[in-house]
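This report is for a reader meeting the structure for the first time. It moves from single residues to the whole chain, and then to the ligand.

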Amino acid sequence: MSYKITFEAFILSAATKAAVEEACRDRRLSRSTVNILDGGLPAALSYYKSNHTPNLILVEEGSADSAMMDQLESLAEVCDPTTKVVVIGQVNDIRLYRTLISAGVSEYLITPVTSRQILETIDSIYSDPSAKQRGKVLAFFGVRGGVGSSTVAYNAAWAISRLGNDDVVVVDADMAFGTAALSFNQDPKQTLGDALSNPERLDASLIERFISRVDDRLGVLAAPAAVRGFTPIEPEAMEKIIELVRGQANFVILDLPHMWLPWVKDVLVQADEAVLVAYPDLANLREAKNLSEYLSEQRGEGSKPKLVLNRVDPSRKTQLTAKDFQDATGLEPLQLIANDRVLFETAANNGQMAGDVNATHKAVESLKALATALGAHAAQGKARNAPVAVGGLVLPESVNRFWQALIKKG
Ligand SMILES: Nc1ncnc2c1ncn2[C@@H]1O[C@H](COP(=O)(O)OP(=O)(O)OP(=O)(O)O)[C@@H](O)[C@H]1O
Ligand SMILES: [Mg+2]
């Protein structure tokens with residue numbers, strides 16, 4: 001999710017400095033130690049005469065002559081073998097590019113550079129190739145308690161898995177009051193509490209045993225949901241668990257409690273997407289604005305949080321609108337989920353998702369659209385486990401076969 005590296009940049013121009021500074025504000029570098037200095041390649045050379053080289057050095061260079069190659073050679077002599085060097089220059093010449101790459105430079109970027117190019121270069125150097133197969137982490141957080149954040153998270157997870165092509169694991173991180181096991185009708189033997197009690201022992205095969213299977217596409221790492229024996233969560237332990245679960249699925253849906261704790265902040269800053277769920281009233285608007293400002297700053301301009309409005313009911317004239325939220329937070333709500341107590345309470349009481357109760361309900365349509373907006377991939381052809389309508393009832397396929405038989409008999 002983010003890189004823990006030491007990174008030093010030696011800059012010549014104000015434009016490059018601005019781009020590097022912006023890149024350093026991105027969530028991917030939120031755990032890195034960064035040092036931005038002036039003076040380009042000559043300054044780097046004199047600096048590393050008396051300082052250790054970091055994981056990554058970025059140097060801006062004005063010329064492209066033999067003096068530059070000599071200076072790079074001198075830099076290579078003082079560099080630790082693991083240090084990577086990226087050069088930013090003005091000369092657009094493929095021969096120069098090849099010479100630099102064959103000399104061991106990781107990348108050559110031509111001015112003007114953008115923060116995005118810098119981050120993509122860092123991604124290409126540090127992202128583990130196997131990480132590409134790792135799941136995308138979507139962290140759901142209610143801007144106030146009880147706004148339906150868990151409900152939206154679970155139904156989004158269900159919709160992503162039903163669209164067809166993605167494996168999904170829900171991690172219920174509401175240790176004391178989590179409802180994922182109930183909502184998905186699971187009775188897990190092991191929970192997140194067991195995983196967190198001994199994080200050093202955890203590995204990929206052990207974490208798999210803690211995940212209870214709802215079906216072949218959807219799993220749940222449930223919360224103990226017991227106030228007795230509650231152990232506080234350490235940020236490092238949570239980070240390890242998320243990394244291990246990412247290895248098991250295409251999407252990890254994190255249901256965060258409404259608590260402003262260090263590990264919750266870390267997860268919201270580092271997740272691939274931070275999804276804020278809000279009810280359309282003034283108190284939620286204020287918290288959404290607060291959180292949006294904080295997270296946009298911490299995650300970087302390119303990775304702002306996403307906003308979902310839940311329990312939307314246009315007939316309630318007191319509710320605020322999507323535009324009110326957009327004006328206040330600068331975030332255009334990704335989806336508006338309709339308010340329907342009967343639908344969501346029926347689902348909750350049955351241990352089902354809303355789409356199992358009524359596949360064509362407009363709230364279910366919005367949740368499917370939310371799944372797509374969050375990157376779910378639709379399968380080619382018919383979605384797996386698609387529910388089928390029978391006699392006005394919509395039931396999961398497994399149950400449906402049973403009903404079909406009964407209806408035929410009747
Ligand atoms: N769109 C909706 N329409 C009607 N009821 C809803 C909707 N979304 C959620 N609810 C109901 O709101 C209640 C609270 O939902 P939920 O537990 O998901 O909220 P939460 O934000 O996770 O709460 P907490 O802060 O306790 O974690 C539940 O009874 C749920 O069924
Ligand atoms: Mg909740």
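Threonine 121 has its place in helix α5, which covers residues 115–126; helices here are DSSP runs of H or I with at least four residues, strands are runs of E with at least two, and both are numbered from the N terminus. With a relative accessible area of 7%, threonine 121 is buried, a word that stands for under 20% relative accessible area, whereas exposed stands for over 50% and partly exposed for what lies in between, using a 1.4 Å probe and protein chains only. Leaving aside neighbours within four places in sequence, threonine 121 is in contact with Val86, Glu107 and Leu109, where contact means heavy atoms within 4.5 Å.

This is a predicted model, in which local features need pLDDT of at least 70 and side-chain atom pairs count only at pLDDT 80 or more, while totals for chains, interfaces and linings use all residues. Residues are numbered from 1 along each chain as its sequence is written, chains are lettered from A and ligands numbered from 1 in the order in which they are written, and side-chain values use heavy atoms, with hydrogens and water left out.

Valine 87 belongs to strand β4, residues 84–89, and counts as buried at 1% relative accessibility. Not counting residues up to four places away in sequence, valine 87 touches Val59, Glu61, Leu72, Val105, Glu107, Tyr108 and Leu109. Between the C-alpha atoms of valine 87 and glycine 146, which are 59 residues apart along the chain, the separation is 50 Å.

Helix α12 holds leucine 291, a buried residue with a relative accessible area of 9%. Apart from neighbours within four places in sequence, leucine 291 is in contact with Phe141, Val143, Trp260 and Leu276. From C-alpha to C-alpha, leucine 291 and threonine 329 are 8.9 Å apart in space, and they are 38 residues apart in sequence.

Helix α11, residues 262–270, has as its buried residues Trp263, Val264, Val267, Leu268, Val269 and Gln270. These buried residues of α11 pack against β6, α10, β10, β11 and α12.

For the protein chain as a whole, the secondary structure comes to 17 helices and 15 strands, and the C-alpha trace spans about 90 × 50 × 45 Å along its principal axes. Of the 410 residues in the protein chain, 49% are buried. Among the contacts with a separation of 6 or more, 75% are accounted for by residues 24 or more positions apart.

Which residues come nearest to ligand 1? Of the 15 residues around ligand 1, they are Gly146, Ser149, Ser150, Thr151 and Asn310, where being around the ligand means having a heavy atom within 4 Å of it. The table lists polar contacts, that is, pairs of N or O atoms within 3.5 Å.

| Residue and its atom | Atom of ligand 1 | Distance |
|---|---|---|
| Glycine 146, backbone N or O | oxygen | 2.8 Å |
| Threonine 151, polar side-chain atom | oxygen | 2.5 Å |
| Aspartate 340, backbone N or O | nitrogen | 3.0 Å |

The protein covers 76% of the 640 Å² of accessible area that ligand 1 has on its own, the areas coming from the Shrake-Rupley method with a 1.4 Å probe. Two or more residues of the shell around ligand 1 come from each of α6 (149–163), β12 (306–312) and α14 (341–350), and α6 gives the largest share, 3 residues.

Definitions and conventions
Polar contact = N/O pair within 3.5 Å; in protein donor to acceptor, adjacent residues only side chain to side chain.
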